[in-house]
Amino acid sequence: MSISGGRITTHVLDTSKGVPAAGVQIELYTLKRDGEQESKTKVAESVTNADGRLDAPLLDGGKLEPAIYELQFHVESYYAQRSLEELGQALWTIVPIRFAVSDASSHYHIPLLIAPGGYSTYRGS
């Protein structure tokens, strides 16, 4: 299967347990700025599968445009599946990651590594 144009993909790993994070709701927004005002438009949403990945790209097939995007990872419900004793105190509810797409023909893979007390991200391949 050939994908025309660029795409946005992601996956979520729970580094505290060393496993994929299944069942994490993810929303993708475009951001527009008008002077001091900022607005967001939801362009996609999905939920991670058992492998911590999405079954399809959030955007692909020529829908990706140069813009500022924000991924919102709803990790609170993921952590709610674990006991407080196991977690300690989970701090994060939603993890937002903003990034710029400058080349609409490229693949932007933005993974999230989560733990109850921290998170990190990078541009993957």
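**Figure 1. Leucine 54 in the loop between strands E5 and E6.** Leucine 54 occupies the loop that connects strand E5 (37-47) to strand E6. The structure shown here and in the following views is a predicted model. With a relative accessible area of 12%, leucine 54 is buried, because the limit for that class is under 20%. Leaving aside neighbours within four places in sequence, the contacts of leucine 54 are Thr10, Ile26, Ser46, Val47, Thr48 and Asn49. The C-alpha atom of leucine 54 is separated by 6.8 Å from that of histidine 11, although the two residues are 43 residues apart along the chain.

**Figure 2. Proline 20 in strand E3.** Proline 20 belongs to strand E3. Its relative accessible area is 29%, and proline 20 is therefore partly exposed. When residues up to four places away in sequence are not counted, proline 20 touches Val12, Leu13, Asp14, Ala50, Asp51, Gly52 and Tyr78. One of these, aspartate 51, has its C-alpha atom 5.4 Å from that of proline 20, at a sequence distance of 31 residues.

**Figure 3. The antiparallel sheet E5-E4-E6-E7.** Four strands make up this open sheet, with antiparallel pairing and the order E5-E4-E6-E7. Strands E5 and E7 lie at the edges, each pairing on one side only. Direction ignored, neighbouring strands of the sheet are turned by 25° against each other on average. Strand E4 pairs with E5 over ten bridges in the antiparallel sense. These two strands form a hairpin with two residues between them, and glycine 35 in the turn has a positive phi of about 65°. Within this pairing, leucine 28 has alanine 44 of E5 as its bridge partner. Strands E4 and E6 are joined over seven bridges, also antiparallel. Here isoleucine 26 stands opposite phenylalanine 73 in E6, and glutamate 27 has glutamine 72 of E6 as its bridge partner.

**Figure 4. The mixed sheet E3-E2-E9-E10.** A further open sheet contains four strands in the order E3-E2-E9-E10, and its pairing is mixed. Its edge strands are E3 (19-20) and E10 (118-121), each of which pairs on one side only. Strands E9 and E10 run antiparallel and are joined by four bridges. Alanine 115 has glycine 118 of E10 as its bridge partner.

**Figure 5. The largest nonpolar core.** This core contains 25 residues, of which Ile8, Leu28, Phe73 and Phe99 touch the most other members. Two or more residues each come from strand E4 (25-34), strand E6 (67-74), helix H1 (76-79), strand E7 (94-101) and strand E9 (112-115). Strand E7 gives the most, with four residues. Leaving aside neighbours within four places in sequence, leucine 28 is in contact with Ile8, Thr41, Lys42, Val43, Ala44, Leu58, Leu59, Tyr69, Glu70, Leu71 and Phe99.

**Figure 6. The aromatic pair of tyrosine 69 and phenylalanine 99.** Three aromatic pairs are found in the whole structure. In the pair shown, the ring centres of tyrosine 69 and phenylalanine 99 are 5.9 Å apart and the ring planes meet at 20°, so the pair is stacked. The pair links distant parts of the chain, with tyrosine 69 in strand E6 and phenylalanine 99 in strand E7, 30 residues apart. Both tyrosine 69 and phenylalanine 99 are buried.

**Figure 7. Charged side chains over tyrosine rings.** Lysine 40 lies over the face of tyrosine 29, at 5.8 Å from the ring centre. Arginine 123 places its charged end over the ring of tyrosine 108, 4.1 Å from the centre of that ring.

**Figure 8. The chain as context for the close-up views.** The chain holds two helices and ten strands. From the N terminus on, these elements follow the order β-β-β-β-β-β-α-α-β-β-β-β. Buried residues account for 38% of the 125 residues in the chain. Among contacts between residues at least 6 apart in sequence, 65% join residues at least 24 apart.

How values were computed: Residues numbered from 1 in each chain as written. Predicted model: local features only at pLDDT ≥ 70, side-chain atom pairs only at ≥ 80, totals over all residues. Heavy atoms only, no water. Core = buried A, V, L, I, M, F, W, Y, C linked by side-chain atoms within 4.5 Å. Buried < 20%, exposed > 50% of the residue type's maximum accessible area, 1.4 Å probe, protein only. Contact = heavy atoms within 4.5 Å. Pairing = 2+ DSSP bridges. Axes fitted to C-alpha atoms, helices over the stretch in contact; angles between N-to-C directions. Phe/Tyr/Trp six-rings, centres within 6.5 Å; stacked < 30°, edge-to-face > 60°. Lys NZ or Arg CZ within 6 Å of the ring centre and 35° of its normal.
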